[in-house]
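Thanks for coming, everyone. I'll take you through one structure today, piece by piece. Please have a look at it first.

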Amino acid sequence: MIKNITVVGAGTMGHGIAHVFARAGFKVNLCDTYAPMLEIAPVKMREELQFMADEGYIDQETVEKTMNNITICASVEEAAKDADYVIEAVKEDMAVKKALFAQLDKICPAHTVFATNTSSLKLNEMIADLPAERQERCMVSHWYNPAYLIPIAELSKFGNMSEEVFQEVYDMYVKAEKRPVCVYKDVTGMIANRLLHALAREAFYLVEEGVGMPEDIDNALKFGPCFRNATTGMLEVADMGGLDIWVAGEDNIFPALNNSDKACSMMRKLVEEGNLGMKTGKGFYEYPGEEGAKAQTAFYKRLIEQLKVSKNY
Ligand SMILES: NC(=O)c1ccc[n+]([C@@H]2O[C@H](COP(=O)([O-])OP(=O)(O)OC[C@H]3O[C@@H](n4cnc5c(N)ncnc54)[C@H](O)[C@@H]3O)[C@@H](O)[C@H]2O)c1
């Protein structure tokens, strides 16, 4: 049974993953090789938990209980030696992740499950040099950012793990209030990012072509397809509408869609000009002064409302 969880890498994803599991009652060890992160991560975790309490999602006692379940560790050895499940959220670099898994294989007990939060790397390549028994306990567990507000966790079910071990991990995610999704093939981008970028390609293209201004495209998504899909999946919606209607529509619309295999050139130009979005004050929109920070806070508040409502989905 999984009791002790280790999160390696306390950056954007790792610190959030750590407090989600800790809130569900697991003992979590969190480590990072960058020493200042060992100070930054607990502050961020407490801030995020406090935000959840302030928004009425958890009570104040849960903030303290959760923090008490987290131990910050200065080394991977200390963090992972008693782990039942290790999830890595280090740099998206195959060599770094392979070296970490090799190190963990020496540190961890035989039963420990290794998970990677990779967004784009292949599991098979990542675990190729591990002993066969360990390969049977390795998986992708892909979260979305911010980890504590977006319920999805994509879990690989590529056939290398026994049903029993997979089920144990799946149940652990359910206990942590995540909405696990099984992914059966090791395809680039798993499921969620493929869906996201299919939609994003068309959204950016429509702006580039002048079909709509950025706010028109965003409003079309927020109050059209994404409004509906936040409650009901694409395949469910298709069944409701009638598959004959969808076939007729797609035969007409598919030939007109963008099918480029490169990122949108308008966005590439913005990047080349140093306009990276909120972090530089300008992207598709402009964020003078405090506007970026305000937009970010408003975004988190909307997400937590969505998280509350999604319990009914
Ligand atoms: N940021 C996102 O939106 C997002 C979403 C889903 C998945 N991911 C994936 O999650 C992983 C982490 O991304 P991130 O955005 O959190 O990165 P990040 O750069 O914010 O954090 C990575 C942390 O790992 C630490 N680290 C590096 N090597 C280490 C090692 N060997 N041992 C311990 N700590 C180490 C770094 O010091 C850093 O603090 C990547 O694989 C990324 O593709 C990111």
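**Helix contacts, ligand shell and domains**

Phe204, Val207 and Glu208 in α9 meet Ser265, Met266 and Met267 in α14. Sort those residues by class, and the contact of α9 with α14 has four nonpolar, one polar and one charged. Keep in mind that this is a predicted model.

Now the geometry. Helix α9 covers residues 192-208, and helix α14 covers residues 265-272. Their axes come within 8 Å and cross at roughly 80 degrees. An angle of 65 to 115 degrees counts as roughly perpendicular, so α9 and α14 are roughly perpendicular to each other.

Helix α1 is residues 14-23. How do the axes of α1 and α2 cross? They come within 10 Å, at roughly 55 degrees. That makes α1 and α2 oblique to each other. The crossing is right-handed. From α1, the contact uses His15, Gly16, Ala18 and His19. From α2, it uses Ala41, Lys44, Met45, Glu48 and Leu49. By class, the contact of α1 with α2 has four nonpolar, three polar and two charged residues.

Stay with α2, residues 37-54, and turn to α3, residues 60-68. Here the axes are 9 Å apart, and the packing angle is about 155 degrees. Angles over 145 degrees count as roughly antiparallel, and therefore α2 and α3 are roughly antiparallel to each other. α2 passes α3 in a right-handed crossing. On the α2 side we have Met45, Arg46, Leu49, Gln50 and Ala53. On the α3 side we have Gln60, Val63, Thr66 and Met67. The classes in this contact of α2 with α3 are five nonpolar, three polar and one charged. Look at Met45 and Leu49 of α2.

On to the ligand. How many residues surround the ligand? The count is 24. The closest are Gly9, Gly11, Met13, Tyr34 and Asn145. By class, the shell has twelve nonpolar, nine polar and three charged residues.

Which form does the peptide bond from Asn145 to Pro146 take, cis or trans? It is cis, with omega near 0 degrees. Pro146 sits in the loop between β6, residues 138-143, and β7, residues 152-156. Glu177 is not a glycine, yet its phi is positive, about 65 degrees. Its place is the loop between α8, residues 163-175, and β8, residues 179-183. For context, most residues other than glycine have a negative phi, and most peptide bonds are trans.

Last, the domains. The domain assignment gives domain 1 as 4-183, domain 2 as 191-259 and domain 3 as 274-313. How far apart are the C-alpha centres of domain 2 and domain 3? They lie 22 Å apart. The contact takes four residues from domain 2 and four residues from domain 3. On the domain 2 side that touches domain 3, three residues are nonpolar, one is polar and none is charged.

To recap the helices: α9 and α14 are roughly perpendicular, α1 and α2 are oblique, and α2 and α3 are roughly antiparallel. That's it from me. Over to you.

Note on methods:
Residues are numbered from 1 along each chain as its sequence is written. This is a predicted model: local features need pLDDT of at least 70, side-chain atom pairs count only at pLDDT 80 or more; totals for chains, interfaces and linings use all residues. Axes are lines fitted to C-alpha atoms, for helices over the stretch in contact, and angles run from 0 to 180 degrees between N-to-C directions. Helices (H or I, at least four residues) and strands (E, at least two) are DSSP runs, numbered from the N terminus. Angles under 35 degrees count as roughly parallel, over 145 as roughly antiparallel, 65 to 115 as roughly perpendicular and the rest as oblique. Two residues are in contact if their C-beta atoms, placed from the backbone, lie within 7 Å. Ala, Val, Leu, Ile, Met, Phe, Trp, Tyr, Cys and Pro count as nonpolar, Asp, Glu, Lys and Arg as charged, and the others, Gly among them, as polar. A residue is near a molecule or strand if its C-beta atom, placed from the backbone, lies within 6 Å of it. Domain bounds come from an automatic or database domain assignment. A crossing is left-handed if the near helix is turned anticlockwise from the far one by less than a right angle, and right-handed if clockwise.
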